[in-house]
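Here are my notes on this one, point by point. Have the model open while you read.

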Amino acid sequence: MTVTDNFSNWLNLIQQVSQPEGITLGTSDLVKATGVPASQLRYWVEQGYIKPIDVPNERSRKFSYRVVFRVRAIKYFLNHGYTLSAAMDNVNQFRNLDIQLQRILTDHLTDLQLHEDGQIDISLGTVQDGQELLGLTIKDGSSQFWTKKV
């Protein structure tokens with residue numbers, strides 16, 4: 001038995017709650033969330049590595065919540081010995097990969113079932129000229145791809 005049988009409702013919910021509009025952080029919040037000093041954030045803004053968002057009638061800089069992940073990624077590479085330029089190259093490559101993976105999921109995800117025992121079954125469309133369904137099962141932190149004759 002599945003908890004969620006209506007995939008379209010689930011997909012709609014995820015799309016609505018994950019919208020970044022209206023979620024902003026001030027510089028001090030970004031410092032707290034990332035551990036990167038405000039002076040370094042200002043430098044990264046000046047260099048164009050991170051971009052604040054324009055908020056009318058606000059004196060202080062505001063950032064989208066996505067900038068938190070970008071700053072953390074930059075910090076990760078810097079902490080692992082990369083130059084700022086090389087860190088940015090890597091962050092941009094990972095961002096491009098993330099965009100492609102999101103596109104693959106939205107283009108090919110055809111069904112999702114959440115089971116009461118925590119198992120998640122994801123259908124990713126057909127393969128082998130439409131002869132088999134490709135899927136992914138996730139349970140207890142492990143995942144396994146599968147195919148099934150259509």
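1. Start with Ser64: setting aside neighbours within four places in sequence, Ser64 is in contact with Ile23, Leu25 and Ile53 (contact being heavy atoms within 4.5 Å). Ser64 sits in strand S3 and counts as buried, at 18% relative accessibility. For the burial classes, buried is under 20% relative accessible area, exposed is over 50% and partly exposed is in between, with a 1.4 Å probe and protein chains only.

2. Before going further, a word on the source. This is a predicted model, where local features need pLDDT of at least 70 and side-chain atom pairs count only at pLDDT 80 or more, while totals for chains, interfaces and linings use all residues. Residues are numbered from 1 along each chain as its sequence is written, and side-chain values use heavy atoms, with hydrogens and water left out.

3. Now the overall layout. The chain has five helices and seven strands, and from the N terminus the order is β-α-β-α-α-β-α-α-β-β-β-β. Both kinds of element are DSSP runs numbered from the N terminus: helices are H or I with at least four residues, strands are E with at least two. Of the 150 residues in the chain, 26% are buried. Looking at contacts with a separation of 6 or more, 35% are between residues 24 or more positions apart. The chain exposes about 10500 Å², and carbon and sulfur atoms supply 51% of that; the areas come from the Shrake-Rupley method with a 1.4 Å probe, and for residues only the protein chains shown count as cover.

4. As for length, the 15 residues of H4 should span 21 Å at 1.5 Å a residue, and the end C-alpha atoms are 22 Å apart, which agrees; the expected span is 1.5 Å times one less than the number of residues. After H4 comes Gly81, with a positive phi near 90°.

5. How do H3 and H4 meet? Their axes come within 13 Å and cross at roughly 105°, so the two helices are roughly perpendicular to each other. On the H3 side the contact uses Gln40, Leu41 and Trp44, and on the H4 side Val71, Ile74, Lys75 and Leu78. In case you want the conventions, axes are lines fitted to C-alpha atoms, for helices over the stretch in contact, with angles from 0 to 180 degrees between N-to-C directions. Angles under 35 degrees count as roughly parallel, over 145 as roughly antiparallel, 65 to 115 as roughly perpendicular and the rest as oblique.

6. On to the aromatics, where a search of the whole structure finds four pairs. Tyr65 and Phe69 have ring centres 6.1 Å apart and planes at 80°, so this pair is edge-to-face. Both lie in H4 (residues 65–79), four residues apart, about one turn of the helix. Tyr65 is partly exposed at 25% relative accessibility, whereas Phe69 is exposed at 51%. Rings of Phe, Tyr and Trp (its six-membered ring) pair if their centres lie within 6.5 Å; planes under 30 degrees apart are stacked, over 60 edge-to-face and the rest tilted.

7. Phe77 and Phe94 also pair, stacked this time, at 5.8 Å centre to centre with 25° between the planes. Phe77 belongs to H4 and Phe94 to H5 (residues 84–108), so the pair ties together parts 17 residues apart in sequence. Phe77 is buried at 7% relative accessible area, while Phe94 is partly exposed at 48%. Together with Tyr76 and Tyr82, these two make up one aromatic cluster.

8. Please check the loop between strand S5 (120–127) and strand S6 (132–139), where Gln128 is found. Gln128 has a positive phi of about 55° although it is not a glycine. Asp129 lies in that loop too, and again a non-glycine residue has a positive phi of about 55°. Most residues other than glycine have a negative phi. Gln128 is exposed at 56% relative accessible area, and Asp129 is exposed at 80%.

9. Last, Leu105 in helix H5. Leu105 is partly exposed, at 44% relative accessibility. Its C-alpha atom is separated by 7.7 Å from that of Leu124, 19 residues away along the chain.
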